[in-house]
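Hi everyone, thanks for having me.

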Amino acid sequence: MYCSTSVTAQLVRGALAAISIVGAIVLTPHFWPAVGLLGLAIYFMRGCPACWLTGLMDAIRFRNEHKPLP
């Protein structure tokens, strides 16, 4: 359903979103940079945190369904 089926890519995107949110909180006195970082966080999560979490669960499910047989 979502762009990436890689769990690693989903986790990296989540970490980048979290860093952007923390940066926005730190830069709260500077309005426009904080808004830009929040926009970047939304971009990394592909919407909201629930959208990112859904993508992560889909990637985990995809990985488990497509494991090579030993």
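I'll start with the overall layout and then go to a few residues one by one. Keep in mind that what you see is a predicted model.

Let's begin with the fold. The protein has 3 helices and 0 strands, and reading along the sequence gives the pattern α-α-α. If you turn the model along its principal axes, the C-alpha atoms fill a box of roughly 55 × 20 × 15 Å.

Now the surface. Of the 70 residues, 24% count as buried. As for contacts, take those between residues at least 6 apart in sequence: 65% of them join residues at least 24 apart.

Next, please find Met 45, which lies in helix H2. Is Met 45 buried or exposed? With a relative accessibility of 9%, Met 45 counts as buried, because the cut-off for buried is under 20%. And what does Met 45 touch, once we leave aside its neighbours within four places in sequence? The residues in contact with Met 45 are then Arg 13, Ala 17, Ile 21, Cys 51 and Trp 52.

On to the aromatic rings. The structure holds 2 aromatic pairs. One of them is Phe 31 with Trp 32: the ring centres are 4.8 Å apart and the planes sit at 75°, and since an angle over 60 degrees counts as edge-to-face, that is what we call this pair. Phe 31 and Trp 32 are both exposed. Then there is Tyr 43 with Phe 44, where the ring centres are 5.9 Å apart and the planes are at 55°, so this pair is tilted. Here the two partners get separate labels: Tyr 43 is exposed, at a relative accessible area of 53%, whereas Phe 44 counts as buried, at 16%.

Stay with Tyr 43 for a moment. Which residue lies over the face of its ring? That is Arg 46, at 5.7 Å from the ring centre. You will find Arg 46 in the loop between helix H2 (31-45) and helix H3 (49-65), and it is partly exposed, with a relative accessible area of 38%. Its backbone deserves a look too. Most residues other than glycine have a negative phi. Arg 46 is not a glycine, and yet its phi is positive, about 60°.

My last stop is helix H3. The structure holds 1 salt bridge, and the side chains that meet there belong to Arg 61 and Asp 58, at 2.8 Å from N to O. Where do the two residues sit? Both are in helix H3, 3 residues apart, which is about one turn of the helix. Arg 61 counts as partly exposed, at 45% relative accessibility.

To recap, we went from a pattern of α-α-α, by way of the buried Met 45 and the 2 aromatic pairs, to the salt bridge between Arg 61 and Asp 58.

Definitions and conventions. Residues numbered from 1 in each chain as written. Predicted model: local features only at pLDDT ≥ 70, side-chain atom pairs only at ≥ 80, totals over all residues. Heavy atoms only, no water. Helix = DSSP H or I, 4+ residues; strand = E, 2+ residues; numbered from the N terminus. Buried < 20%, exposed > 50% of the residue type's maximum accessible area, 1.4 Å probe, protein only. Contact = heavy atoms within 4.5 Å. Phe/Tyr/Trp six-rings, centres within 6.5 Å; stacked < 30°, edge-to-face > 60°. Lys NZ or Arg CZ within 6 Å of the ring centre and 35° of its normal. Salt bridge = Lys/Arg side-chain N within 4 Å of Asp/Glu carboxyl O.
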